[in-house]
Every structure is written in structure tokens, then in C-alpha cells.
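Thanks for coming. I will keep this short: one chain, its annotations, and then some side-chain contacts.

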Amino acid sequence: MDLLIPEVGLVVFQTIAFLLLMFLLGKFAWKPVMAAIKEREQFIDDSLNKAELANQEMARLAAQNEDLMKQARAERDEILKEAKKLKDNIVNEAKTSAQTEGAKLIEKARIEIENQKKAALAELKGQVSTLSLDIAERVLRSQLDDKAKQQDLVNSLLKDVELN
């Protein structure tokens with residue numbers, strides 16, 4: 001039972017040793033330990049503040065990035081719209097140009113056909129007149145070989161002239 005009830009000298013010695021230990025710890029160890037704890041606490045607070053600032057910066061950058069993406073999409077849509085409009089204009093111009101060129105070619109071909117037709121008709125008229133003259137010459141020679149036939153032809157022509 002001696003273990004449960006200590007002697008007075010032991011209690012006094014332990015109390016003195018405890019108080020001495022507390023004094024030495026308070027004098028030499030308590031301030032550095034408290035300073036280290038305060039420094040650690042300050043480091044943790046600074047780290048939390050920096051993390052909060054980093055989160056705010058990330059949120060700001062994300063919002064800015066989203067705005068830039070919206071602008072880029074709007075610009076892309078505008079460029080695509082302009083490209084489509086330009087393509088439509090080019091296609092319409094090409095169609096109009098092709099139609100105009102086709103109409104010019106058709107008109108040119110029509111004029112060429114008309115000219116060819118006129119030339120062919122003129123040549124045909126020339127050939128017909130040449131043939132007519134040859135035939136008339138031959139007919140007249142055959143009729144004018146005989147004096148009596150010549151006199152009859154002149155008389156009939158005179159009758160025609162008098163009647164008209």
C-alpha cells in the first residue's frame with residue numbers, strides 16, 4: 001500500500017522538481033514553442049489566404065476565359081455568315097455571268113447564222129440570176145436566129161407595152 005500513499009519528502013521533492021521544470025520550461029522553452037506555434041499558425045493563415053486569393057483568381061480567369069470563348073464563337077459565327085454570303089454572291093455572279101455569256105454566245109451565233117443565211121441567199125440569187133441570164137440568152141439566140149421570129153417578138157412586146 002506504500003505505492004498508493006507517497007511519503008511527504010517524496011511529494012515535496014516531486015513538487016519542487018515540477019516547479020523547477022515549469023520554471024525552466026517557462027523561461028527557456030515556452031517562448032520558443034509558443035513562437036513556433038504562432039509562426040505555424042501565421043503560415044497556415046497566410047496559406048489559407050493565398051489559397052482563397054488563388055481560387056478567386058481562378059474564378060476570375062475562368063469567367064474571362066468563358067467571355068473570350070463567347071466572343072470567339074460570335075466571331076466564328078460572323079465569319080461563317082460572311083463566308084456564306086460571299087459564296088452566295090460569287091455563285092450568283094457566276095450564274096449571272098454564265099447566263100450573260102450564254103446569251104451573248106447565242107446572239108452571236110444567231111447573227112452568224114443570219115449572216116450565213118444572207119450570204120447563202122445572195123450567192124443563190126447570184127447563181128439564179130446567172131442561170132436566168134444564160135437561159136434567157138440561149139432562148140433569145142434561138143428565137144432571134146430567125147428574122148420572122150424577131151419581128152413577132154418585137155410586135156408582142158409592143159402590144160404589151162401599149163396595153164399597160
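I need one cut-off before the residues: buried means under 20% relative accessible area, exposed means over 50%, and partly exposed lies in between. By that scale D77 counts as partly exposed, because its relative accessible area is 40%. Please keep in mind throughout that this is a predicted model.

Let me start with what the record says. UniProt, in an unreviewed entry, lists residues 12-30 as "transmembrane region". In the model, that stretch is 100% helix and 0% strand. The C-alpha atoms at its ends lie 24 Å apart.

The unreviewed UniProt entry also has a "coiled-coil region", given as residues 44-96. Here too the model shows 100% helix and 0% strand, and the end C-alpha atoms are 76 Å apart.

Now the side chains. How many salt bridges does the structure hold? The count is 6. I will go through some of them.

Back to D77, then. Its partner in a salt bridge is R76, with 3.2 Å between the closest N and O atoms. R76 has a relative accessibility of 46%, so this residue is partly exposed. D77, as I said, is partly exposed at 40%.

Next, D88. Which side chains does D88 meet in salt bridges? One is K84, at 3.7 Å from N to O. Why can these two residues pair up along the helix? D88 and K84 are 4 residues apart in helix α1, which covers residues 8-144, so about one helical turn separates them. Another is K87, where the N to O distance is 3.6 Å. Taken together, K84, K87 and D88 form a linked network of salt bridges.

Where is R73 found? It sits in helix α1. Is R73 buried, exposed or partly exposed? Its relative accessible area is 38%, which means partly exposed. For a distance along this part of the chain, take R73 and V91: they are 18 residues apart in the chain, and their C-alpha atoms are separated by 26 Å.

That is what I have. I am happy to go back to any of the residues on the screen.

How values were computed:
Residues are numbered from 1 along each chain as its sequence is written. This is a predicted model: local features need pLDDT of at least 70, side-chain atom pairs count only at pLDDT 80 or more; totals for chains, interfaces and linings use all residues. Side-chain values use heavy atoms; hydrogens and water are left out. UniProt positions are given in the numbering used here, feature names are shortened, and annotations may be inferred rather than shown by experiment. A salt bridge is a side-chain nitrogen of Lys or Arg within 4 Å of a carboxyl oxygen of Asp or Glu. Buried means under 20% relative accessible area, exposed over 50%, partly exposed in between (1.4 Å probe, protein chains only).
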